[in-house]
Amino acid sequence: MSRLIIVSNRVAPISEGGMAAGGLAVGVYDALRETGGMWFGWSGEVASAAPASPKIEERGPVTFATVSLTRRDYDQYYRGFSNDTLWPTFHYRSDLTHYDRHEFDGYQRVNAWLAHQLIPLLRPDDVIWVHDYHLIPFAEALRQEGITNRIGFFLHIPFPASQVLVTVPPHDKLMRALCCYDLVGVQTEPDLRALRDYLEHEAHGTVSADGRVDAYGRSLRIGAYPIGIYPDELAALAKEGQDGRHLKNLRQTMHERRLIVSVDRLDYSKGLVERFRAFEKLLEISPNHRAQVSFIQVAPPTRSDIQSYQQIRLQLEAESGRINGRFAEMDWTPIRYLHRQYERAVLASLFREAHVGYVTPLRDGMNLVAKEYVAAQDPEDPGVLVLSRFAGAAQELDGALIVNPIDVQGMAEALDHALGMPLDERRARHARMMTVLRRNSVSVWRDSFLRDLRAVRQ
């Protein structure tokens, strides 16, 4: 069987004896171990000069090939166009989008350089699977150097409506580059409709019912491939952690109170401020929850060198302090805001302890936290998931209480409903969602995409 070559902006760190990353990395790494292959990408290091060739590390059947970036490349390709232009636009935050032509030039230049670094490591029958918005021009760069291998692309974040995407000045160049892939996958059917709309009405291409596309002189296929998790493994991880130090300490401080939990990267797309205000509204409209419910928000730092991320951190700290100052009592703090990283096993056990999983992004490609919360529950006494309609997971998890994260009052009412939901209803909703999680696991996502990529053309 041909080798699988995974290309991503960052190569996920792999710890001996287990994964340090989440479900996505687990699924990709499993595929590499089964077929043999390579994981290629940025090491996360910023160096004074670009390396002459990738650093190679062999671990069993998997080869890790990593490169460092120069400060200029990091600023233009990663911090600049990828995260100051594409990220906010694809999350429908054009008001936060910053565009600089030099940063776009750097984005294209780094993609071409990364492709050039990979080419000497390729074999003629390798199947190449490229991940996410940082690497949209990667296939075009490979094609320009004569590479004819099958190349697939998967977008982990939302694909925006065409009238949003065209606010990015080089949108046509981006989409022309995207059509150099043989298969393009997105998370959900709404994302697929948005992609199809752009290709038909902005690129003047044709898209058939089975996903075949003819645009920019290229033929390719597009499809929706919702990413999943390993629900039974997550459930076992959550159960094992119930006697851990973190959970024992939490129980001692909770004093039988009910628990609402959210876990997100500190990002403006996650709806964190609106979420805090909805919890405040809950305490206003339902005074019976005061001193009876605590809300834990875990928000690890991310992209701290980007101004918009610094602003959301300051705003969130101010909101939590204001709400706590308004409602806190001597023995009760309404919001516990934790701006730090926790290991996956600790988070899984925290999910299992929580009566409500509170997942309300303003826009999200999928949001695996929603799926992990469901999987972590005790099926005999499960909690309730409150989920934004704008998370990709809402397309699958119809057992959740679906909310609009702009509607603070509506979210507060959903929290009240969740906290008072009868056991029979909670069990029925949880069982229905677990059936979906098992049917659409991360291995199903991975295998269906790779099957379609290998079948797309010779």
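Reply:
**A pair of strands and the sheet around it**

Valine 263 has valine 298 of strand 14 standing opposite. The model is a predicted one, where local features need pLDDT of at least 70 and side-chain atom pairs count only at pLDDT 80 or more, while totals for chains, interfaces and linings use all residues. Residues are numbered from 1 along each chain as its sequence is written, and side-chain values use heavy atoms, leaving out hydrogens and water.

Strand 13 covers residues 258-263 and strand 14 covers residues 293-298. These two strands pair in the parallel sense, over six bridges. Strands and helices are DSSP runs numbered from the N terminus (strands: E, at least two residues; helices: H or I, at least four). Pairing requires that DSSP finds at least two bridges between two strands.

The pair belongs to an open sheet of six strands, with parallel pairing and the order 15-14-13-16-17-18. At its edges lie strand 15 (335-338) and strand 18 (401-403), each of which pairs on one side only. On average, neighbouring strands of this sheet are turned by 20° against each other, direction ignored. Such angles run from 0 to 180 degrees between N-to-C directions, with axes as lines fitted to C-alpha atoms, for helices over the stretch in contact.

How is the protein divided? Domain 1 takes in 4-228 + 442-455, and domain 2 takes in 231-439. These bounds come from an automatic or database domain assignment. Taken over C-alpha atoms, the centres of domain 1 and domain 2 are separated by 30 Å. In contact (heavy atoms within 4.5 Å) are 28 residues of domain 1 and 20 residues of domain 2.

Charged side chains come next. The structure holds 33 salt bridges, each a side-chain nitrogen of Lys or Arg within 4 Å of a carboxyl oxygen of Asp or Glu. One of them joins glutamate 353 and arginine 251, at 3.1 Å from N to O. This pair links distant parts of the chain, 102 residues apart: glutamate 353 sits in helix 12 (residues 344-353) and arginine 251 in helix 9 (residues 245-254). Both ends are partly exposed, glutamate 353 at 22% relative accessibility and arginine 251 at 32%. The classes are buried (under 20% relative accessible area), exposed (over 50%) and partly exposed in between, with a 1.4 Å probe and protein chains only.

Another salt bridge joins aspartate 447 to arginine 446, where the closest N and O atoms are 3.0 Å apart. Aspartate 447 is partly exposed at 40%, whereas arginine 446 is buried at 3%. Arginine 451 and aspartate 452 also form a salt bridge, with 3.6 Å between the closest N and O atoms. Here arginine 451 is exposed at 52% and aspartate 452 is partly exposed at 28%. Elsewhere, salt bridges that share partners join Arg277, Glu280, Lys281, Glu284, Glu319, Arg322 and Arg326 into one network.

Cysteines are the last topic. A disulfide is a covalent bond between the sulfur atoms of two cysteines, counted when the sulfur atoms are within 2.5 Å. By that rule there are zero disulfides.
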